[in-house]
Amino acid sequence: MAASSKRWLPLEANPDVMNQFIWGLGVPEEEVEFNDVYGLDDELLEMVPKPVLAVLFLFPPSTQSEAEREADGEQDSTEKKLQEPNKNVYFLKQTVGNACGTIGILHAIGNATSEIKLVEGSYFDRFYKSTANMDPYERASFLEKDREMEDAHSVAATAGDTEASLNVDEHYICFTCVDGELYELDGMKSQPTSHGSSSPSSLLQDAAKVIKAMIQKNPDSMNFNVMALSKKQSN
């Protein structure tokens, strides 16, 4: 399935923007929120509100990571024959330009629906129910035609502090833990990438290790951002 010619404005890596976006679409404000991760050292990770349900990582794809992604795609098709991806991982392909922020959010929420009680009848509630039995490409097509999400994305994209531009060099991916494994969910790849065993309590630390290794491959850039989707603790 070829990428669409449709392009959205990119989402700013800003927890306030992300929170207004998800709260408006059916995630209960009193239950869940995005927070900045200020660094990947243990002390800074300890400051992130727990439990963490997912991690969003924004990074500039280097030539090396692009080559690896293409190699992964070829490897994916070979390994697919040997190893079917875990059906419990909610994953969709990215076909709309600059939609990676929204797809990262859809991956984050979609793999935490057992922890998040979505508002019944809300956009997210309807979206996940409608796409539950679709494959990643059918979900991509569904999203591409979805005016309600396109409008919500557009509002969120213009709510940030920086002026939105169609030309961006950064890309969002999501890390989540499903069935005791850490998964990297990148809509530009054909399927989720497993990074080995993990647990809900170690998700943030496990994702941080993978993110550190990715940052080391692009040492000249400063354009990295990490956010965690955390469940709020009821008092």
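## Glu-184

Glu-184 is buried (under 20% relative accessible area, with exposed meaning over 50% and partly exposed in between, for a 1.4 Å probe and protein chains only), and its relative accessible area is 5%. The residue is found in strand β4; strands (E, at least two residues) and helices (H or I, at least four) are DSSP runs numbered from the N terminus. Leaving out residues up to four places away in sequence, Glu-184 touches Ile-173, Cys-174, Phe-175, Lys-189, Pro-192, Thr-193 and His-195, where contact means heavy atoms within 4.5 Å. The C-alpha atoms of Glu-184 and Ala-207 are separated by 8.5 Å, and the two residues are 23 residues apart along the chain.

## Basis of the values

This is a predicted model, in which local features need pLDDT of at least 70 and side-chain atom pairs count only at pLDDT 80 or more, while totals for chains, interfaces and linings use all residues. Residues are numbered from 1 along each chain as its sequence is written, and side-chain values use heavy atoms, with hydrogens and water left out.

## Overall makeup

The protein chain has 8 helices and 6 strands. From the N terminus on, the order of elements is α-β-α-β-α-α-α-α-α-β-β-β-α-β. Of its 235 residues, 50% count as buried. Among contacts between residues at least 6 apart in sequence, 74% join residues at least 24 apart.

## The sheet

The 6 strands form an open sheet with antiparallel pairing, in the order β1-β6-β2-β3-β4-β5. β1 (32-36) and β5 (193-197) stand at the edges with a single partner strand each, so one side of each has no neighbour in the sheet. Neighbouring strands are turned by 20° against each other on average, direction ignored. Two strands are taken to pair if DSSP finds at least two bridges between them.

Strand β2 (residues 52-59) is mostly covered, with 8 of its 8 residues buried. β2 pairs with β6 (residues 225-231) in the antiparallel sense over 6 bridges, and 5 bridges join β2 to β3 (residues 171-178), also antiparallel. Leu-56 has Met-227 as its bridge partner in β6 and stands opposite Cys-174 in β3. For Phe-57, the bridge partner in β3 is Ile-173.

## Helices across the sheet

Angles run from 0 to 180 degrees between N-to-C directions, and axes are lines fitted to C-alpha atoms, for helices over the stretch in contact. α1 lies across β1, β2, β3 and β6, and runs at about 165° to β1. α4 lies across β1, β2, β3, β4 (181-185) and β6, at about 5° to β3.

## Helices α5 and α6

The axes of α5 (residues 123-131) and α6 (residues 136-144) come within 10 Å and cross at roughly 140°. That makes α5 oblique to α6; angles under 35 degrees count as roughly parallel, over 145 as roughly antiparallel, 65 to 115 as roughly perpendicular and the rest as oblique. In this contact, Phe-127, Ser-130 and Thr-131 of α5 meet Arg-139, Phe-142 and Leu-143 of α6. These residues divide into 3 nonpolar, 2 polar and 1 charged, with Ala, Val, Leu, Ile, Met, Phe, Trp, Tyr, Cys and Pro counted as nonpolar, Asp, Glu, Lys and Arg as charged, and the others, Gly among them, as polar.

The buried residues of α5 are Tyr-123, Phe-124, Asp-125, Phe-127, Tyr-128 and Thr-131. Their cover includes α1 (15-24), α4 (100-110), α6 and α7 (147-157).
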